[in-house]
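Please work through the exercises below with the sequence and the structure side by side.

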Amino acid sequence: MATKIRLQRGGRKGYAFYSIVIADARAPRDGRFTEKIGSYNPNTNPATVDLNFDRALYWVEVGAQPTDTVRNILSREGVYLMKHLKGGVKKGAFDEAAAQKKFDAWKADKQKGLEKVAADEKKAKLDAAKKALDAEKQVNEAIAKKVAEKKAAAAQEAAAAAAAENAAEAPAAEEAPAEA
C-alpha cells in the first residue's frame with residue numbers, strides 16, 4: 001500500500017481550510033485517511049500551520065510520499081531538516097545533541113526572520129496609515145481654505161451691500177428732513 005501525506009479540504013466555499021492527513025494513495029482527496037497530523041490555513045497572513053511534528057517526521061521516515069504542497073509545508077516546518085540530521089546521526093557524522101543543537105539554531109533563525117517580516121509589515125502598515133492621514137489633512141486644509149475664501153467673499157459682498165445701502169439711505173435721510 002502506497003501511503004501519501006496530503007491535504008484534505010474543509011471550510012466553506014471561498015474560504016478553504018485544509019487538514020494534513022496520511023492516506024492511501026488510491027483514496028480520494030476528501031475520503032478515508034489513516035491519521036490526521038495537522039492543519040493548514042492559507043487564509044491568514046502568513047498562512048497558519050498546526051503540525052504534529054513527531055508524527056510527521058515518523059511518516060516521512062517510513063516512506064510516506066507527500067504531495068508538492070505538503071512537501072513545502074513540511075520543509076518550512078523543519079521536518080525534512082530533522083530527517084536529514086537524523087540521517088547524519090545514524091551515519092556517525094555527529095551525535096544526537098549536536099543534531100538537536102543545529103535544529104534549534106535553524107528554528108531560532110527562522111523565527112527571527114518571521115518576526116522581522118512581521119515587524120516590517122507592521123511598519124509598512126503604520127507608514128501607509130500615516131501617509132493617508134497626511135493626505136487627508138492636506139485635503140481638509142484645502143477645503144478649509146476654500147470655505148474661508150467663500151466666507152471672506154460673502155463678508156465682502158455683505159459689507160459692500162451694507163455700504164451701498166447706507167450710502168443710499170444717507171442721501172434719502174438728508175432729503176427727508178429738508179422737505180419737512
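Two exercises follow, each with a worked solution. The model is predicted, so local features need pLDDT of at least 70 and side-chain atom pairs count only at pLDDT 80 or more, while totals for chains, interfaces and linings use all residues. Residues are numbered from 1 along each chain as its sequence is written, and side-chain values use heavy atoms, with hydrogens and water left out.

**Exercise 1.** Determine which residues line the largest pocket, and which helix gives the most to the lining.

*Solution.* Start from the term: on a 1 Å grid over the protein atoms alone, a pocket is an open set of points where a 1.4 Å probe fits, with protein on both sides within 12 Å along at least five of seven lines, and lining residues have an atom within 4 Å of a point. The lining consists of Pro46, Ala47, Val49, Ile73, Arg76, Glu77, Lys107, Lys110, Gln111 and Leu114.

**Exercise 2.** Decide whether Asp24 is buried or exposed, and then classify Asp134 in the same terms.

*Solution.* Asp24 lies in strand β2 (residues 15–24), and its relative accessible area is 17%, so it is buried (under 20%; exposed is over 50%, and partly exposed is in between, with a 1.4 Å probe and protein chains only). Asp134, found in helix α4, has a relative accessible area of 36% and is therefore partly exposed.

Methods
Helices (H or I, at least four residues) and strands (E, at least two) are DSSP runs, numbered from the N terminus.
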